[in-house]
Amino acid sequence: MLVTNTEEIPGKQIVACHGVVSGSTVRAKHAGRDILAGLKNIVGGELKAYTELLIEAREEAHERMQAQAAQLGANAIVNVRFSTSSVAAGASEIYIYGTAVTVR
Amino acid sequence: MFELYFLLGLLLVGYVVGQILERSHYRSIEKREAEHIGLATTSSKRPIGEIPRPTRVELVEGACVISIDYFKRFVAGLRQLFGGNVRSYETLVDRARREAVLRLKEQCSAADQVINLRIETSSISKGNRNQVGCIEVHAYATAIYF
């Protein structure tokens with residue numbers, strides 16, 4: 001499945017639109033990671049565990065969105081947008097949405 | 001008394017180690033930015049210039065979570081009394097954004113153009129007095145292959 005964040009796919013023509021598809025996940029970090037991150041907060045720098053966590057969460061949300069698009073019979077998703085919000089202390093929500101289309 | 005020494009110790013460790021880590025991170029960012037300078041990246045919605053028909057397009061992403069050190073957080077806290085530029089946070093967001101864009105480019109180094117680059121920043125943890133502990137930057141774009 002073709003996925004882009006542009007309104008149209010360069011080199012392809014959109015022939016049908018199937019509406020908005022979306023996928024979301026809410027992830028919390030586990031305590032072990034939180035303690036390590038707390039230590040890392042003293043010296044600063046990248047928190048690799050969190051980076052990985054968010055990447056995994058995005059992948060999952062992405063798969064859910066693609067499954068929804070496949071169900072609608074689309075072969076591409078255009079105009080994809082990401083949004084992140086923290087729903088509770090220590091948990092964040094990843095939401096991905098886009099427009100399912102058929103391209104030729 | 002012990003608490004005061006503990007705080008001073010944390011500040012000192014944060015300052016020394018934080019500075020060393022930040023410098024080495026900046027060196028690595030600059031080196032990798034120079035390597036990827038040839039990859040045209042834009043926030044425009046359409047490809048730039050006259051291009052041949054693309055053979056492949058894909059969504060590429062890069063993400064990075066960076067935390068600020070103890071010393072800088074302390075200084076930024078003091079800054080809030082007087083207002084003005086908070087330099088210590090400027091380097092934090094700058095590092096995070098450049099790193100995220102670099103990771104995106106590394107994912108598609110064979111691409112010919114990267115269009116519609118979007119950068120999104122969110123703070124994922126808040127500490128005492130609602131201070132920002134670490135920020136997450138997520139960059140995403142469409143890579144085009146001719």
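Modeller: Chain A exposes about 5,000 Å², of which carbon and sulfur atoms supply 52%, the areas coming from the Shrake-Rupley method with a 1.4 Å probe, where for residues only the protein chains shown count as cover. This is a predicted model, in which local features need pLDDT of at least 70 and side-chain atom pairs count only at pLDDT 80 or more, while totals for chains, interfaces and linings use all residues. Residues are numbered from 1 along each chain as its sequence is written, chains are lettered from A and ligands numbered from 1 in the order in which they are written, and side-chain values use heavy atoms, leaving out hydrogens and water.

Of the 104 residues in chain A, 43% are buried, that is, under 20% relative accessible area, whereas exposed means over 50% and partly exposed lies in between (1.4 Å probe, protein chains only). Chain A has two helices and five strands, in the order β-β-α-β-α-β-β along the sequence; these are DSSP runs numbered from the N terminus, helices being H or I of at least four residues and strands E of at least two.

Because its relative accessible area is 27%, Ser24(A) is partly exposed. Beyond its neighbours within four places in sequence, Ser24(A) is in contact (heavy atoms within 4.5 Å) with Ala61(A), Arg64(A), Glu93(A), Ile94(A) and Tyr95(A). Glu63(A), 39 residues away from Ser24(A) in sequence, has its C-alpha 9.5 Å from that of Ser24(A). Across chain A, among contacts between residues at least 6 apart in sequence, 75% join residues at least 24 apart.
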